[in-house]
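Let us walk through one part of this structure, step by step. Keep the model in view as you read.

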Amino acid sequence: LVEAIRVTGNLEPLRALLRVDARIERAGVAPRRRVAAGRADAPLARTRLVVRAHALAGLGREDEATRVLHALRDDHGPHALARVVQLRGPASPLAARLAPAGPYR
């Protein structure tokens, strides 16, 4: 997805991801709250945060993307930022600044 957006310059897929995410929140099934309550799959919640961070960064909303990355780190540990860095997407540089130095960088 990130590569297709990079090639075409079409940001609509990122906007669509954020619209879906907002609908999930409004429906009252926020994945972070479900994880905290023990009712959701942690890998799914982690993936959602990674996708959201890349989508926000791709749209130039770096402050919001950084807040999502902080939530990712807080909820899943500092190693979770490694995946964001490895994907080499729009949020990767932000995650690299937040991630501790390690073998994945």
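This is a predicted model: local features need pLDDT of at least 70, side-chain atom pairs count only at pLDDT 80 or more; totals for chains, interfaces and linings use all residues.

Now place the two helices. The crossing of H4 past H6 is right-handed.

Which residues make the contact? From H4 come Arg46, Val50 and His54. From H6 come Ala80, Val84 and Leu87. Sorted by class, this contact has 4 nonpolar, 1 polar and 1 charged residues.

Stay with H6. Its buried residues are Ala80, Leu81, Ala82, Val84 and Val85. What do the buried residues of H6 pack against? H4 is one of their partners. Helix H5 (62–76) and helix H7 (92–98) also pack against them.

Next, follow the chain out of H6. Arginine 88 comes after the helix. This residue lies in the loop between H6 and H7. Is arginine 88 buried or exposed? Its relative accessibility is 68%, so arginine 88 counts as exposed; the cut-off for exposed is over 50%.

Look at the backbone here too. Phi of arginine 88 is positive, near 50°. Arginine 88 is a residue other than glycine. Most residues other than glycine have a negative phi.

Technical notes
Residues are numbered from 1 along each chain as its sequence is written. Side-chain values use heavy atoms; hydrogens and water are left out. A crossing is left-handed if the near helix is turned anticlockwise from the far one by less than a right angle, and right-handed if clockwise. Helices (H or I, at least four residues) and strands (E, at least two) are DSSP runs, numbered from the N terminus. Contact means heavy atoms within 4.5 Å. Ala, Val, Leu, Ile, Met, Phe, Trp, Tyr, Cys and Pro count as nonpolar, Asp, Glu, Lys and Arg as charged, and the others, Gly among them, as polar. Buried means under 20% relative accessible area, exposed over 50%, partly exposed in between (1.4 Å probe, protein chains only).
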